[in-house]
Amino acid sequence: MIARVIVIASAAAFCAPRADAAPLPCNASGMTAPAASNSHLIASDYPILSVLLHEEGDTVVSFVVGTDGKTAAQAVAQSSGSLRLDDASIEAVRGWLYNPALSGGVPTACVQRALVKSRIPEEAKPPKKAQ
């Protein structure tokens, strides 16, 4: 037997502004964009299977910069084509810190996007064969 759930809500529930509404983009009008407060160089280990498969690529990551300057809600907005590189990009962004965006002088959460370029480090590349 399949159970059906019917949800009834008033129109006001759909029209009223929500306190937890999605943050605005960090480049919204009247907002001072957040500024990086730590290095955004990626120091994490390159995925070993990606090294073996010679995978490199660019991932666009969308995330929220909170009022505390920490990132949250990280998600892949555009894939590099490699799940391993996309996952490594998400992990890198989780460690980023910012001075939060300001709106009217008040710290404000906002949505930011970043391009994370994944390139195999030179020291991880196999040595070139002598000719």
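Colleague: How many bridges pair strand 7 with strand 8, and in which sense?

Modeller: Three bridges, and the pairing of strand 7 (residues 101–103) with strand 8 is antiparallel. Keep in mind that this is a predicted model.

Colleague: Which residue stands opposite S103 there?

Modeller: V106 in strand 8 does.

Colleague: What is the strand order in the sheet they belong to?

Modeller: The order is 2-7-8, an open sheet of three strands with antiparallel pairing. Strand 2 and strand 8 (106–108) are at the edges; each has a single partner strand, so one side of each lacks a neighbour in the sheet.

Colleague: And the four-strand sheet, in what order does that run?

Modeller: That open sheet goes 1-9-4-5, and its pairing is mixed. Its edges are strand 1 and strand 5, each with a single partner strand, so one side of each has no neighbour in the sheet.

Colleague: How many bridges hold strand 4 to strand 5?

Modeller: Five, with the two strands running antiparallel. Within that pair, V65 stands opposite T71 in strand 5.

Colleague: Let's step back. How many helices and strands does the chain have?

Modeller: Three helices and nine strands. Along the sequence they follow the pattern α-β-β-β-α-β-β-α-β-β-β-β.

Colleague: What share of the chain is buried?

Modeller: Of its 131 residues, 29% count as buried. The chain exposes about 9,300 Å², and carbon and sulfur atoms supply 59% of that area.

Colleague: What about contacts between residues at least 24 apart?

Modeller: They make up 73% of the contacts between residues at least 6 apart in sequence.

Colleague: Which residues have the most contacts inside the largest nonpolar core?

Modeller: V61, F63, V93, W96 and C110, in a core of 14 residues. Strand 4, helix 3 (83–94) and strand 9 each supply at least two residues of this core. As background, nonpolar side chains tend to be buried together in soluble globular proteins.

Colleague: What does W96 touch, apart from its sequence neighbours?

Modeller: Leaving out residues within four places in sequence, W96 is in contact with N38, S39, H40, F63, G69, K70, T71, A114 and V116.

Colleague: C110 is a cysteine. What is it joined to?

Modeller: C110 forms a disulfide with C26, with the sulfurs 2.0 Å apart. The link ties together distant parts of the chain, 84 residues apart: C26 is in the loop between strand 1 (24–25) and strand 2 (31–32), and C110 is in strand 9 (residues 110–118). The structure holds one disulfide.

Colleague: Which hand does the link of C26 and C110 have?

Modeller: Right-handed, with 85° about the S-S bond.

Colleague: Are C26 and C110 buried or exposed?

Modeller: Both C26 and C110 are buried.

Colleague: Now S89. Where is it?

Modeller: S89 is in helix 3.

Colleague: Why do you call S89 buried?

Modeller: Because its relative accessible area is 1%, and the cut-off for buried is under 20%. A polar atom of the S89 side chain lies 2.9 Å from the backbone oxygen of L85. Beyond four places in sequence, S89 is in contact with T59, V61, V116 and S118.

Colleague: Back to strand 5. What does A75 touch?

Modeller: A75, which is in strand 5, touches V60, V61, S62 and I90, not counting residues up to four places away in sequence. At 34% relative accessibility, A75 is partly exposed. Its C-alpha atom is 9.3 Å from that of D87, twelve residues apart along the chain.

Colleague: One last topic, backbone angles. What is the phi of A73?

Modeller: A73 has a positive phi of about 55°, although it is not a glycine. Most residues other than glycine have a negative phi. A73 lies in strand 5 (residues 71–78) and counts as exposed, at 57% relative accessibility.

Colleague: And H54, where is that found?

Modeller: H54 is in the loop between helix 2 (48–52) and strand 4 (57–65). H54 also has a positive phi of about 55° without being a glycine. With a relative accessible area of 57%, H54 is exposed.

Definitions and conventions: Residues are numbered from 1 along each chain as its sequence is written. This is a predicted model: local features need pLDDT of at least 70, side-chain atom pairs count only at pLDDT 80 or more; totals for chains, interfaces and linings use all residues. Side-chain values use heavy atoms; hydrogens and water are left out. Buried means under 20% relative accessible area, exposed over 50%, partly exposed in between (1.4 Å probe, protein chains only). A disulfide is a pair of cysteine sulfur atoms within 2.5 Å. Contact means heavy atoms within 4.5 Å. Accessible areas come from the Shrake-Rupley method with a 1.4 Å probe; for residues, only the protein chains shown count as cover. A nonpolar core is a set of buried Ala, Val, Leu, Ile, Met, Phe, Trp, Tyr and Cys residues joined through side-chain atoms within 4.5 Å. A polar contact is a pair of N or O atoms within 3.5 Å; within protein, one must be able to donate a hydrogen and the other to accept it, and residues adjacent in sequence count only if both atoms are side-chain atoms. Two strands pair if DSSP finds at least two bridges between them.
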